[in-house]
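Visitor: I am new to this structure and would like to learn how to read it. Could you walk me through it, one feature at a time?

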Amino acid sequence: MSKVQQVLTLLQNAANPDKAVEMAAYMKKRFDFLGIPTPLRRKLCKPLFKEMKPQAPDWDFVEACWESPYREMQYVATDYLNALVEQLTPQDLSRIELLITRKSWWDTVDALDKVIGGIFLSFPEIRPQLIHWSQHDNIWLRRVAIDCQLSLKQQTDKALLSEVIQNNFGQSEFFINKAIGWALREYGKTHPDWVKNFVQQHREKMAPLSVREALKRLK
């Protein structure tokens, strides 16, 4: 039995039809669900991931998960990539870009933020790629470029953060303006003065949503 079939069998055996309806409704019925909450999904997959982790990234496994009709399988793929992010390199970016732009919605895209952030931490030379994404026609690549440093705290590249945000001023897209506010709010926990100054400097160009989110926890 393949690894992906092992995972799917585990999840199908734990399926909760009532929960599946709730989860599909929360995602505006864009995807089909088995009804597996995140803590249970991660518990079920943990032994398999532990077995797979010492190996090189199994992109066939990731692709098979992504092709599954069940949304939890895409979550399994993002969990797997986050679990071995230290093994990923710039050569994996093209594969991750394909994931970001297929079956796209905020749930999987935001999980892949962390993957890209981890690669950037180890390989800052991917900076030009992130700038390119911040100007891309695809809104989800733009969102990843903006939010991939969410968890980097003191290691945040402020110049990059500033540039990718400014590349997205004047947008009417909710998910972009929300991403800008979220990125600034998170970095505000580490460097509040920088965020306050950034908003003060650029407020007239920023969407009200971005400003509101950025300053939500700053006095």
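Guide: Let's begin with pockets. On a 1 Å grid over the protein atoms alone, a pocket is an open set of points where a 1.4 Å probe fits, with protein on both sides within 12 Å along at least five of seven lines; its lining residues have an atom within 4 Å of a point. This is a predicted model, in which local features need pLDDT of at least 70 and side-chain atom pairs count only at pLDDT 80 or more, while totals for chains, interfaces and linings use all residues. Residues are numbered from 1 along each chain as its sequence is written, and side-chain values use heavy atoms, with hydrogens and water left out.

Visitor: Which residues line the second largest pocket?

Guide: They are Arg42, Cys45, Lys46, Phe49, Lys50, Lys53, Asp79 and Ala83. A volume here is the space filled by probe spheres set on grid points joined across faces, edges and corners, and for this pocket that space is about 170 Å³.

Visitor: Which helix gives the most to that lining?

Guide: Helices are DSSP runs of H or I with at least four residues, numbered from the N terminus. Helix 3 gives the most, with five residues, and helix 3 and helix 5 each supply at least two.

Visitor: How do the lining residues of the second largest pocket divide by class?

Guide: Ala, Val, Leu, Ile, Met, Phe, Trp, Tyr, Cys and Pro count as nonpolar, Asp, Glu, Lys and Arg as charged, and the others, Gly among them, as polar. Here there are three nonpolar, no polar and five charged residues.

Visitor: How much space lies in the largest pocket?

Guide: About 430 Å³. Of the 20 residues that line this pocket, Thr38, Arg41, Arg42, Tyr75 and Asp107 are the closest to its centre. Helix 2 (17-26), helix 3 (38-52), helix 5 (71-83) and helix 7 each give two or more residues to the lining. The largest share, five residues, comes from helix 7. By class, the lining has nine nonpolar, three polar and eight charged residues.

Visitor: Now for the inside of the protein. Which residues have the most contacts inside the largest nonpolar core?

Guide: In soluble globular proteins, nonpolar side chains tend to be buried together. Buried means under 20% relative accessible area, exposed over 50%, and partly exposed in between, using a 1.4 Å probe and protein chains only. A nonpolar core is a set of buried Ala, Val, Leu, Ile, Met, Phe, Trp, Tyr and Cys residues joined through side-chain atoms within 4.5 Å. The largest one has 73 residues, and those with the most contacts inside it are Phe61, Leu81, Leu88, Ile96, Ile100, Trp133 and Leu184. Helix 11 gives the most to this core, with seven residues.

Visitor: What is Leu81 in contact with?

Guide: Contact means heavy atoms within 4.5 Å. Leaving aside neighbours within four places in sequence, Leu81 meets Trp59, Val62, Leu88, Leu99, Leu112 and Val115.

Visitor: Is helix 9 mostly covered or mostly open?

Guide: Helix 9 (residues 139-147) is mostly covered, with eight of its nine residues buried. Among them are Trp140, Arg142, Arg143 and Asp147. The buried residues of helix 9 pack against helix 6 (93-100), helix 7 (106-122), helix 8 (127-133), helix 10 (158-166) and helix 11 (174-188).

Visitor: Which residue caps the N-terminal end of helix 9?

Guide: A polar contact is a pair of N or O atoms within 3.5 Å; within protein, one must be able to donate a hydrogen and the other to accept it, and residues adjacent in sequence count only if both atoms are side-chain atoms. The cap is Asn138, with a side-chain oxygen 2.8 Å from the backbone nitrogen of Trp140.

Visitor: What about Ser68: buried or exposed?

Guide: Ser68 counts as buried because its relative accessibility is 7%. This residue lies in the loop between helix 4 (59-67) and helix 5. The side chain of Ser68 reaches the backbone nitrogen of Tyr70 at 3.2 Å.

Visitor: And Lys29, buried or exposed?

Guide: Lys29 has a relative accessible area of 70%, so this residue is exposed. Lys29 lies in the loop between helix 2 and helix 3, and its phi is near 55°, a positive value in a residue other than glycine.
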